[in-house]
Amino acid sequence: MSDRTADLVLTGGPVHTVDPARPFATSVAVRGERIVAVGHDEVHDLIGPRTEVVDLHGRLLVPGFQDAHVHPVGAGIELGQCDLGGATGVTDLLERIRAWADAHPDRPWITGGGWSMESFPGGTPDRTLLDTAVPDRPVFLVNRDHHGAWVNTLALELAGVTGRTPDPADGRIERDAGGEPSGTLQEGAMELVARHVPRVTLDEQVAGLLRAQQVLHAHGITAWQDALLGEHASTADPAPAYRRAALDGLLTARVRGALWWDRESGLEQLDRLLERRDTFTVGRIRAHTVKIMQDGIAENGTAALLGPYLTGCGCASDNSGISFVDPAELARIVTRLDREGFQVHFHALGDRAVREALDAVEAAVAANGHRGNRHHLAHLQVVDSADVPRFRELGATANIQALWATHEPQMDELTIPFLGSERAARQYPFGDLLRSGAVLAAGSDWPVSSPDPLAALHNAVNRQDPGSDRPVFLPEQRITLDAALTAYTAGSAYVNHLDDTGVVAPGRLADLAVLDRDIFARPVEEIAHARVQQTFVGGQRVHAAADA
């Protein structure tokens with residue numbers, strides 16, 4: 001093959017490049033791992049006798065999606081456990097649990113998750129329900145958000161959790177009227193039982209990773225940031241699985257790993273983090289990020305708020321959530337991590353946690369200057385208006401999970417009444433952040449929610465689930481499809497430090513996704529109906545739908 005011919009040419013359809021210098025094209029040529037030409041009919045001059053030509057037939061070509069906050073190994077493992085995703089109501093949940101337990105009589109524990117809080121009064125299921133489904137084995141099932149677990153009586157007994165067991169500093173044991181554990185464990189309290197659950201093996205983790213990688217490629221995802229490399233609650237450290245997959249040539253995606261910050265320890269863990277950065281930076285994974293979880297979630301009252309939650313009667317409670325790391329200590333930690341060249345990936349959901357995280361970034365910038373580590377804050381459910389412009393000022397990226405910005409039962413029944421109207425009106429302020437000049441990245445938090453970027457694009461643009469008859473959720477915070485796609489491609493590539501990806505331009509890596517339609521040429525209400533037909537990483541096809 002001559003030096004001028006291409007290995008792959010995709011032509012005959014619209015190309016949305018996400019490159020402001022040349023936003024639209026109809027043909028792309030790839031040689032080796034990289035794009036060598038973007039244009040129109042002139043690109044055909046690079047077609048040689050061995051060039052693979054993909055006729056798009058009017059379908060849309062975009063940069064490969066990048067998920068900036070996801071947990072693939074855990075998601076892949078859960079797909080092989082008792083999967084409760086999509087279950088509707090208590091009866092359906094119990095039937096699934098009972099059926100899975102009956103089909104796996106050799107399992108000493110019944111594990112899995114995906115149940116939704118809105119299925120139960122107050123979002124807290126009771127252990128006696130699980131006792132009826134599985135009376136003879138301990139059960140540990142995390143909820144959809146992975147911030148709480150549902151356990152049966154036998155699991156509590158095996159773990160020695162009783163009415164006399166105190167709540168941990170970073171969690172809560174839900175209790176019945178008599179003060180006994182009712183069966184729901186929130187945040188750090190999950191660990192009381194999780195430490196007794198049999199650990200998954202490395203082989204099982206690798207199998208989960210590969211299962212998840214296939215799912216993510218099928219959604220057009222070519223790179224991601226794993227938001228938790230470490231042990232937490234019932235999750236074993238996925239880092240060794242990534243290392244093995246990378247060394248064995250099985251990791252086809254590009255991965256940025258966020259090393260878990262153990263909030264029970266302090267800066268004495270820094271040497272260990274530096275060692276882990278070296279150990280788990282191999283092949284297509286880079287472990288140059290540290291994940292700090294600053295608060296919990298609003299639905300169980302652990303998201304850190306500037307003011308107290310409301311009670312069921314609309315009165316102020318005595319709870320303002322939990323800051324998992326003392327704010328002054330957080331500033332010291334982030335300053336040191338920044339100095340060591342780590343990116344910091346914050347879980348910051350409530351407005352107090354967001355402010356504390358931004359304050360910590362500000363302290364790092366004041367001490368170290370702008371070092372280009374690209375710190376980012378994920379989730380951002382409630383952001384005080386005074387903190388919106390600080391993202392641009394500090395160079396902190398807003399890492400959004402757009403699927404959550406919609407009216408649905410968990411929002412309408414378990415969140416808005418306890419936030420109150422003023423704070424509820426400041427939820428997921430994508431539009432305000434974008435207008436302020438903030439860089440937006442996007443992720444799914446799968447398995448908390450769907451890994452499908454097209455579903456997320458739909459909600460970012462519409463602020464409404466497909467086909468929903470509920471009102472548009474804070475319509476002033478809608479963003480354009482172009483902005484949403486940029487967040488899920490170039491924006492996430494920015495926080496992943498993958499600067500030669502994220503756009504379709506000559507010289508960039510050929511990480512690409514082919515959709516089954518041009519979502520820019522159809523009503524925005526139809527975005528979620530689109531599907532990914534082909535996915536390429538470095539010019540190599542890693543997914544092809546049956547009808548591609």
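This is a predicted model: local features need pLDDT of at least 70, side-chain atom pairs count only at pLDDT 80 or more; totals for chains, interfaces and linings use all residues.
1. Let me start with two helices. Helix α1 (residues 72–79) and helix α6 (residues 202–218) have axes that come within 7 Å and cross at roughly 100 degrees. Angles of 65 to 115 degrees count as roughly perpendicular, and α1 and α6 are therefore roughly perpendicular to each other. On the α1 side, the contact is made by Pro-72, Val-73, Gly-76, Ile-77 and Leu-79. Helix α6 contributes Glu-204, Gln-205, Gly-208, Leu-209, Arg-211, Ala-212, Val-215 and Leu-216. Sorted by class, the contact of α1 with α6 has eight nonpolar, three polar and two charged residues.

2. Next, the aromatic rings. The count of aromatic pairs comes to five. One of them joins Trp-115 and Trp-150 in an edge-to-face arrangement, at 6.0 Å centre to centre and with 70 degrees between the planes. This pair links distant parts of the chain: Trp-115 belongs to strand β8 (residues 110–115) and Trp-150 to strand β10 (residues 148–151), 35 residues apart. Both Trp-115 and Trp-150 are buried. Please look at Phe-120 here too, as ring pairs link Trp-115, Phe-120 and Trp-150 into a cluster.

3. How are the rings of Tyr-428 and Phe-430 arranged? Their centres are 6.2 Å apart and their planes are at 50 degrees, so the pair is tilted. Tyr-428 has 3% relative accessibility and therefore counts as buried. Phe-430, at 1% relative accessibility, counts as buried as well.

4. The charged end of Arg-463 sits over the ring of Phe-430, 5.0 Å from the ring centre. Phe-430 thus takes part both in the tilted pair with Tyr-428 and in this arrangement with Arg-463. Elsewhere, the charged end of Arg-277 sits over the ring of Phe-342, at 4.3 Å from its centre.

5. Which residues is Asn-459 in contact with, leaving aside its neighbours within four places in sequence? They are Ala-402, Leu-403, Thr-406, Gln-464, Asp-465 and Pro-466.

How values were computed:
Residues are numbered from 1 along each chain as its sequence is written. Side-chain values use heavy atoms; hydrogens and water are left out. Contact means heavy atoms within 4.5 Å. Rings of Phe, Tyr and Trp (its six-membered ring) pair if their centres lie within 6.5 Å; planes under 30 degrees apart count as stacked, over 60 as edge-to-face and the rest as tilted. Helices (H or I, at least four residues) and strands (E, at least two) are DSSP runs, numbered from the N terminus. Buried means under 20% relative accessible area, exposed over 50%, partly exposed in between (1.4 Å probe, protein chains only). A charge sits over a ring if NZ of Lys or CZ of Arg is within 6 Å of the ring centre and within 35 degrees of the ring normal. Axes are lines fitted to C-alpha atoms, for helices over the stretch in contact, and angles run from 0 to 180 degrees between N-to-C directions. Angles under 35 degrees count as roughly parallel, over 145 as roughly antiparallel, 65 to 115 as roughly perpendicular and the rest as oblique. Ala, Val, Leu, Ile, Met, Phe, Trp, Tyr, Cys and Pro count as nonpolar, Asp, Glu, Lys and Arg as charged, and the others, Gly among them, as polar.
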